[in-house]
Amino acid sequence: MRSGVRTTMADLHPLLEEWAGDLASENKSVHTVAGYLLDLRQFQEFLRGRDFTSVGSDDVRRFSHSMTRAGLQPRSRSRRLVAIRRFYGYLVRTGRLLQNPALDVRPPSVKSRTPNFLIPEEVQA
């Protein structure tokens, strides 16, 4: 992992640590890596001790539904599902899995935020 990337999460799964190192080598932001690790750690807790490599698309779908039931906003649910999808993409790319179980699970649609623009009078104020 890139120096400066820290996690306060005890006993990080070796696959997550390896993936974090790969993300860092792609020059991902320290904050992006930390956010992805937090998202994957929450997914790991949801799996209740099951290994990441035994997960199917139904497990990812159940996680998605559990986030909805817990009241998470679409943007947060989408970010977590993207992290899971990227992690499993890494496992496929490195030959640990044949297919990505998260590809079949669509993240919720997120409304794009309309940027606020200043008019010339507001700039001079």
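This is a predicted model: local features need pLDDT of at least 70, side-chain atom pairs count only at pLDDT 80 or more; totals for chains, interfaces and linings use all residues.
1. The length of H4 checks out. After H4 comes Gly95, which has a positive phi, near 80°.

2. Now for the partner on one side, H3. Helix H3 (residues 57–69) packs against helix H4 (residues 74–93) at an angle of about 160°, and their axes are 10 Å apart. The cut-off for roughly antiparallel is over 145 degrees, and H3 and H4 are therefore roughly antiparallel to each other. The handedness of the H3 and H4 crossing is right-handed.

3. Who makes that contact? From H3 you get Val60, Phe63, Ser64, Met67 and Thr68, and from H4 there are Arg77, Arg80, Leu81 and Ile84. Sorted by class, the contact of H3 with H4 holds five nonpolar, two polar and two charged residues.

4. H1 meets H4 in another geometry. The axes of H1 and H4 come within 11 Å and cross at roughly 95°. That makes H1 roughly perpendicular to H4. On the H1 side the residues are Leu15, Leu16, Glu18, Trp19, Asp22 and Leu23, and they meet Ala83, Arg86, Phe87, Tyr90, Leu91 and Arg93 in H4. This contact of H1 with H4 divides into eight nonpolar, no polar and four charged residues.

5. Staying with H1, its buried residues are Leu15, Leu16, Trp19, Ala20, Asp22, Leu23 and Ala24. H2 and H4 are included in what covers them. One of the buried residues is Asp22, which also belongs to the contact with H4.

6. Asn27 follows H1 and sits in the loop between H1 and H2. Its phi is positive, about 65°, although Asn27 is not a glycine. Is Asn27 buried or exposed? Asn27 is exposed, with a relative accessible area of 63%.

7. Arg48 is the other one, in the loop between H2 and H3. Here phi is near 50°, again positive in a residue other than glycine. Arg48 is exposed, with a relative accessible area of 76%.

8. Last, the whole chain. How many helices and strands does the protein chain have? There are five helices and zero strands, and along the sequence the pattern reads α-α-α-α-α. Of the 125 residues in the protein chain, 35% count as buried. Among contacts in the protein chain with a separation of 6 or more, residues 24 or more positions apart account for 61%.

How values were computed:
Residues are numbered from 1 along each chain as its sequence is written. Side-chain values use heavy atoms; hydrogens and water are left out. Axes are lines fitted to C-alpha atoms, for helices over the stretch in contact, and angles run from 0 to 180 degrees between N-to-C directions. Helices (H or I, at least four residues) and strands (E, at least two) are DSSP runs, numbered from the N terminus. Angles under 35 degrees count as roughly parallel, over 145 as roughly antiparallel, 65 to 115 as roughly perpendicular and the rest as oblique. A crossing is left-handed if the near helix is turned anticlockwise from the far one by less than a right angle, and right-handed if clockwise. Contact means heavy atoms within 4.5 Å. Ala, Val, Leu, Ile, Met, Phe, Trp, Tyr, Cys and Pro count as nonpolar, Asp, Glu, Lys and Arg as charged, and the others, Gly among them, as polar. Buried means under 20% relative accessible area, exposed over 50%, partly exposed in between (1.4 Å probe, protein chains only).
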